[in-house]
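Q: Can we go through this one together? I'd like to begin with the contact between the chains.

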Amino acid sequence: MARSLTKAYERVKNIDWEPSYISAADKYVEATRFYLPKKALDPFKTFIREYFLMEREKESRHYALLEAASRLQGSNPEPRWMEGMKFALSNLSAIEYSAGRQMGRMARVVAPMELRQGYMMQVLDEMRHTQLELNALRHHMRSWQDPSGYDIALKAAGNSVGAGIFRALAEDFSTCDAVETSLGLQVLIETAYSNIFFVGLSSAAAQSGDQVMASTMLTIQSDESRHMANGYATLMTLLQDDRNIPLIQEAFDKWSWRGHMGFEVGLSLFADYFVKHKTESAREMSQRWLLDDFYGGFYKKLAKYGIKEPRWLPDVIRNSEWASHTAAVYLFGAWPVFYHRYDPIDEREMEWFEKKYPGWYSHYGKFWEAYQQMTDADAGMLVTKELGGLPAFCQVCQLPWIFPRPDASTGSTIEREGRTIAFCSPACKSIFENDPNHYSGFKTFYDLYDGWDLADVIVDLGYVREDGKTLMAQPVLEPRRMWTVDDIRRCRYEVTSPLRKTAGVSAGGSPHSAVP
Amino acid sequence: MSTEKMWIEERDIVGVKLIAGEEAEAAAAVISESYPDAVIERYPAYLSIEAPKEVVFDLRQISERLGRPYDAPTFLVIMSSYHGRINVDDDRITLSSEIVRPE
């Protein structure tokens with residue numbers, strides 16, 4: 001690696017041409033509404049030769065650890081974390097693969113050579129991340145005491161109701177303007193939000209005894225560093241043309257919210273509810289990584305180019321106060337339709353929550369008391385049913401209608417083409433109304449399962465163990481007796497859309513139902 | 001901060017998160033000598049280095065401390081994340097807080 005990167009970069013960036021045999025419109029396939037100046041810069045000055053040497057070194061170091069972990073089998077990882085990774089890893093690998101596809105699209109649409117170069121390497125990075133996560137899944141499936149759930153991780157990323165949040169996010173950045181994809185994915189999701197998970201939670205992984213995941217997260221994020229720079233380089237290129245300012249603003253207004261609901265809410269759930277030995281709260285992590293580093297250290301400085309605070313940022317901040325706890329009510333409340341064992345919080349953690357989030361108990365305490373009482377298969381009580389059933393899901397972000405807090409939902413509905421459509425918040429409603437066709441086709445849980453018995457839903461999803469009847473999900477780590485499909489059937493719970501219409505009137509009145 | 005409201009304040013702090021290990025410790029040692037204001041924190045799997053305004057990682061100095069050749073692509077192998085504006089050159093990696101638009 002002895003040659004001069006700086007000199008080579010100066011030389012190579014002048015090698016670019018427009019082909020004579022194809023028109024610009026045919027070459028770029030997709031048009032963008034943004035204006036793209038010719039000049040750009042890649043602050044990393046990455047070339048293919050250095051890129052491969054660097055990535056090979058990363059792989060050598062990481063896979064050595066994976067091999068060592070397989071040989072030694074000595075660690076005693078925290079069950080709560082290992083079970084939570086079933087949900088996390090299945091979704092992560094799907095998001096990374098989708099991100100890789102987008103970089104190819106962007107490389108095609110975005111003209112400046114320096115940016116294309118960075119995007120093309122990011123295609124390879126994202127494929128690498130997908131593989132790293134699949135290898136972590138494989139390792140966990142072989143080493144963890146209960147592999148059930150890890151074995152269907154990819155299928156679950158495609159059909160789980162909770163995974164719908166991440167599918168909706170990936171489909172949104174896959175189908176919007178390719179330059180908007182860069183601003184949404186590279187600037188907001190990868191720069192603002194990915195650090196919280198991949199760096200912030202790497203410590204939690206290590207403390208939970210999951211060294212494989214700690215290493216996976218940090219080696220992934222070392223590529224994300226270049227992705228942040230890709231986003232920054234794209235943004236700085238766009239800022240050279242003032243006609244882009246309102247377009248950039250519009251993209252940031254949307255993606256600061258989409259990144260929050262589609263990604264950060266899930267991360268905060270992880271930080272607060274899948275980490276047993278707690279240190280920093282999700283809210284403190286958001287303050288440090290999102291508000292201090294991203295908004296304070298970067299975004300605010302764009303004001304001199306005419307970029308204003310994202311429209312929904314005050315709502316992001318308000319939501320962050322309670323996001324993890326509200327997401328937990330959903331994830332734990334709907335446990336039979338997931339694919340891991342749950343480890344509900346104990347009294348010591350409740351005290352910690354009350355300290356970190358004053359008022360926590362008054363909003364969430366009753367839910368947890370109800371949950372604790374309904375974990376026995378012989379008693380045959382389902383927490384979801386007893387609390388009034390699953391709520392409606394937001395057509396944009398696919399989160400349930402209980403945010404920011406189940407007792408203070410900001411949800412609403414509209415009527416459109418004979419359908420009632422629900423939104424979790426004014427932000428998601430506004431995003432929908434700006435581009436309804438972009439979001440209206442997404443099938444929610446109720447489009448698929450309205451009117452089904454919950455037991456049949458679980459069988460249809462494939463979330464049962466090898467005996468064909470014991471559920472993958474269990475409401476506690478070690479139940480006295482494992483829940484089966486028959487136990488669920490005995491509970492007589494019919495999935496009922498709160499938006500279902502009977503004779504022109506919404507059944508159940510309000511979509512706001514599953515609240516403690 | 002648990003009882004305080006969340007807030008946004010413009011900041012000029014730059015920094016990196018390095019995968020914990022020998023190279024991260026060498027980088028931290030070099031930075032703490034050259035930047036008295038730098039804050040170095042160790043977490044279970046990574047090491048954080050932060051400093052006001054600007055920080056330059058001099059790869060020759062890190063190489064000397066490690067006692068072996070060391071270059072920018074190798075540093076990037078352990079650099080999990082950064083904040084600030086980055087610039088990678090042959091013998092140094094610079095992080096600065098200012099935003100500069102190419103003209």
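Q: What do the side chains of Asp12(B) and Lys301(A) meet in?
A: Asp12(B) and Lys301(A) meet in a salt bridge, 2.4 Å from N to O. The term means a side-chain nitrogen of Lys or Arg within 4 Å of a carboxyl oxygen of Asp or Glu. This is a predicted model, where local features need pLDDT of at least 70 and side-chain atom pairs count only at pLDDT 80 or more, while totals for chains, interfaces and linings use all residues. Residues are numbered from 1 along each chain as its sequence is written, chains are lettered from A in the order in which they are written, and side-chain values use heavy atoms, without hydrogens and water.

Q: How many salt bridges across the interface of chain A and chain B?
A: The rule finds six.

Q: And how many residues does the contact take from each chain?
A: 60 from chain A and 44 from chain B. Contact means heavy atoms within 4.5 Å.

Q: New topic. His260(A): buried or exposed?
A: Buried, with a relative accessible area of 1%. Buried means under 20%, exposed over 50%, and partly exposed in between (1.4 Å probe, protein chains only).

Q: What does His260(A) touch?
A: Leaving out residues up to four places away in sequence, His260(A) touches Tyr193(A), Val265(A), Val316(A), Asn319(A) and Ser320(A).

Q: Where is the place of His260(A)?
A: In helix 10 of chain A, residues 245-273. Helices are DSSP runs (H or I, at least four residues), numbered from the N terminus.

Conventions
Helix = DSSP H or I, 4+ residues; strand = E, 2+ residues; numbered from the N terminus.
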